[in-house]
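Welcome! Open your viewer, keep the selection tool handy, and let us walk through this model one stop at a time.

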Amino acid sequence: MTEIFTGSFTQQEPIPEAGIAAALQVMRHGRLHRYNTIAGEVGETALLEQEFAAFTGASYSLAVASGGYALANALRAVGVDPGDRVLTNAFTLAPVPGAIASIGAVPVFVGVTEHLTIDLEDLRAKAGQARVLLLSHMRGHICDMDQLMQICTEAGVEVIEDCAHTMGASWNGVPSGRHGVVGCYSTQTYKHMNSGEGGFLVSDDATVMARAVLLSGSYMLYDRHVAAPPEPAFAPLTLDTPNVSGRMDNLRAAILRPQLADLPQRSAAWNQRYRAVESGLRGAPGLTIVERPPAEAYVGSSFQFLLLDWAAEAIQTVLQRCATRGVELKWFGVDQPVGFTSRYDHWHYASAAPMPASDRVLAAIVDMRLPLTFSLQDCAVIARIIRAEVEAVGVDGPG
Ligand SMILES: *Cc1c(COP(=O)(O)O)cnc(C)c1O
């Protein structure tokens, strides 16, 4: 009998009861705006920032309206001006080049390797073209951060990390987001914590973080932060920093705080699911597993594999056949953007020289989410279905 999978690739877990209770309390007292506090009160957003700073080991943390906002805010905070060029990954999602374009800067794309990480040789070659690298740890794959930081330091390039898929991950024991001058995170529904929309910045740099807080729309109320730099960092900046409102509110912070406390267990649960899929697919002919280096402690909230050098029609046939069996796969080789998936040559506002080696990799990337609502058995079923269809198409051809 043909096995069919009936789970939903977009169904996340419910908000923990403690978060629902805390959200109800915020709604009952009505002080949703982060600066709407009574005497002696520290609001949910300020507490969340303090807890997130502790979680990452950063000196300072700022909660904002979205991950994309965090990226644009970080770029502004480190001093990127309109017209400046900003290095970034060719393999990422649209909010990353979008954040660069949103402040009038110009993305310069750096290639991707078969490990789905930034091509460090290409980075070395292009490092002279910009002052800032917006590094996207796309789908949670972390490059050799020691080597990357060496290349960037030597070239005088500051690094901002997009950790939308690496919240809770680390490289050589250093939490993701803590190598560069700023780390940015998302709490949008499909990431590692879910507040619908939301994001964070973390940094040890007092001036950069003071600017980030002012930019986020703190007015002169920044002393209500507990994870922000002290007053002297703000004083020289207050009259020169535009307010680009993008604050987080107490309601979202209330539902995030219990999720942050649960993140280590949730990360372990993701990795069990990741490894269940990985072991089910390993050795399938024509299918390349993306091997994870020992220095990388990842959070396996999604899974990618490569169908390297397969014909486009054959890959499309695999996707169709998996879809009819309930397994929803995304393909980065598709001509036109579909759903959340797009590619550097789809972003026409940012012209890019062709990158044949990266195009070969992008054309091979098949991608799926692994929500925690999947059981380990579900993951085994998914792997069996993909394996069977990859084998069938590989043997019979796309016809
Ligand atoms: C989701 C995402 C973002 C932006 O996050 P939002 O909170 O949706 O704005 C940035 N980078 C990557 C790689 C993402 O997947």
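A salt bridge here is a side-chain nitrogen of Lys or Arg within 4 Å of a carboxyl oxygen of Asp or Glu. This is a predicted model, where local features need pLDDT of at least 70, side-chain atom pairs count only at pLDDT 80 or more, and totals for chains, interfaces and linings use all residues. Residues are numbered from 1 along each chain as its sequence is written, and side-chain values use heavy atoms, leaving out hydrogens and water.

**Stop one: a network.** Select Glu44, Glu51 and Arg257, which salt bridges link into a network. Zoom in on Arg257 and Glu51: their side chains meet at 2.7 Å, N to O. Arg257 sits in helix α9 (residues 250-281) and Glu51 in helix α2, 206 residues apart.

**Stop two: a pair within one helix.** Now pick Lys126 and Asp122, whose closest N and O atoms are 3.0 Å apart in a salt bridge. They are four residues apart in helix α5, so about one helical turn separates them. Are they buried or exposed? Both Lys126 and Asp122 are buried (under 20% relative accessible area, with a 1.4 Å probe and protein chains only; exposed is over 50%, partly exposed in between).

**Stop three: the core.** Select Leu75, Ile160, Val182 and Leu201, which touch the most other members of the largest nonpolar core, a set of 37 residues. Such a core joins buried Ala, Val, Leu, Ile, Met, Phe, Trp, Tyr and Cys residues through side-chain atoms within 4.5 Å. A second, separate core of 35 residues includes Trp310, Val318, Val334 and Phe374.

How values were computed:
Helices (H or I, at least four residues) and strands (E, at least two) are DSSP runs, numbered from the N terminus.
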